[in-house]
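Let's take a friendly walk through a protein, one region at a time. Keep the picture beside you and find each residue as we come to it.

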Amino acid sequence: MSNIFDEDTFGKPYRIISNGEESVNIYQKQDGELISDEGDSFGNVNDDGIDDRLDSFESEWRETHWNKSDWADYYGCDENQVDDCMDDDIKDCY
């Protein structure tokens, strides 16, 4: 994934959320605003509840960004069989 925000323009890295295969970076802009490289805005680093908002975002992000291990658990197979399990699952839909 290409980051649309960089440190020179939007501040310093604040948090990285990763599933081991994909990640999203949260940056702290000079004015204290927190923003992701996917364009999400969370408010100011000094806001009450900012950590809760970031934790909620992280939880939701992880729910929609599964890695091979998550899919293997879902299908009950080995990680090297995930693609085949997905193909079988898609074929069952038709």
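Predicted model: local features only at pLDDT ≥ 70, side-chain atom pairs only at ≥ 80, totals over all residues.

## A histidine in a loop

With a relative accessibility of 17%, His65 counts as buried, because buried means under 20%.

## The overall plan

Now step back and look at the whole chain. The protein contains 4 helices and 4 strands. Starting at the N terminus, the order of these elements is α-β-β-β-β-α-α-α. The protein has 94 residues, and buried ones make up 30% of them.

## Some buried residues

Val24 is part of strand β2. Is Val24 buried or exposed? Val24 is buried, because its relative accessible area is 0%. In sequence, Val24 and Ser36 are 12 residues apart, while their C-alpha atoms are 6.7 Å apart in space.

Ile50 belongs to helix α2. Ile50 has a relative accessibility of 5% and so counts as buried. The C-alpha atoms of Ile50 and Leu34 are 9.1 Å apart, and these two residues are separated by 16 residues in sequence.

Asn19 is found in the loop between β1 and β2 (23-28). Which backbone atom lies 2.7 Å from a polar atom of the side chain of Asn19? It is the backbone nitrogen of Glu22.

## Salt bridges

How many salt bridges does a search of the whole structure find? The search finds 5 salt bridges.

| Residue pair | N to O distance |
|---|---|
| Asp55 and Arg15 | 3.3 Å |
| Arg62 and Glu58 | 3.1 Å |
| Lys68 and Asp83 | 3.1 Å |

Begin with the salt bridge between Asp55 and Arg15. This pair links distant parts of the chain, 40 residues apart: Asp55 is in helix α2, and Arg15 is in strand β1 (residues 12-18). Asp55 is partly exposed, with a relative accessible area of 40%.

The salt bridge between Arg62 and Glu58 lies within one helix. Why are Arg62 and Glu58 separated by about one helical turn? The reason is that they are 4 residues apart in helix α2. An α-helix has 3.6 residues a turn, so residues three or four places apart point the same way. Arg62 is partly exposed, at 34% relative accessible area.

Now find the salt bridge between Lys68 and Asp83. Lys68 lies in helix α3 and Asp83 in helix α4 (residues 82-92), so this pair ties together parts of the chain that are 15 residues apart in sequence. Both partners are partly exposed: Lys68 has a relative accessibility of 29%, and Asp83 has a relative accessible area of 44%. Elsewhere, salt bridges that share partners bring Arg15, Asp55, Glu58 and Arg62 together in one network.

Which residue caps the N-terminal end of α3? Asn67 does, with a side-chain oxygen 3.1 Å from the backbone nitrogen of Ser69. After α3 comes Gly76, which has a positive phi, near 70°.

## A patch of negative charge

Finish your tour on the surface. Which residues gather there in a patch of negative charge? They are Glu21, Glu22, Glu38, Asp73, Asp78 and Glu79.

Is Glu38 buried or partly exposed? Glu38 counts as partly exposed, because its relative accessibility is 33%.

Notes: Residues numbered from 1 in each chain as written. Heavy atoms only, no water. Patch = residues over 30% accessible without salt bridge, like charges linked within 9 Å, V, L, I, M, F, W, Y side chains within 5 Å. Areas by Shrake-Rupley, 256 points an atom, 1.4 Å probe, with all protein chains shown as cover. Salt bridge = Lys/Arg side-chain N within 4 Å of Asp/Glu carboxyl O. Lys, Arg positive; Asp, Glu negative; His and termini not counted. Charge placed at Lys NZ, Arg CZ, Asp CG, Glu CD. Buried < 20%, exposed > 50% of the residue type's maximum accessible area, 1.4 Å probe, protein only. Helix = DSSP H or I, 4+ residues; strand = E, 2+ residues; numbered from the N terminus. Polar contact = N/O pair within 3.5 Å; in protein donor to acceptor, adjacent residues only side chain to side chain.
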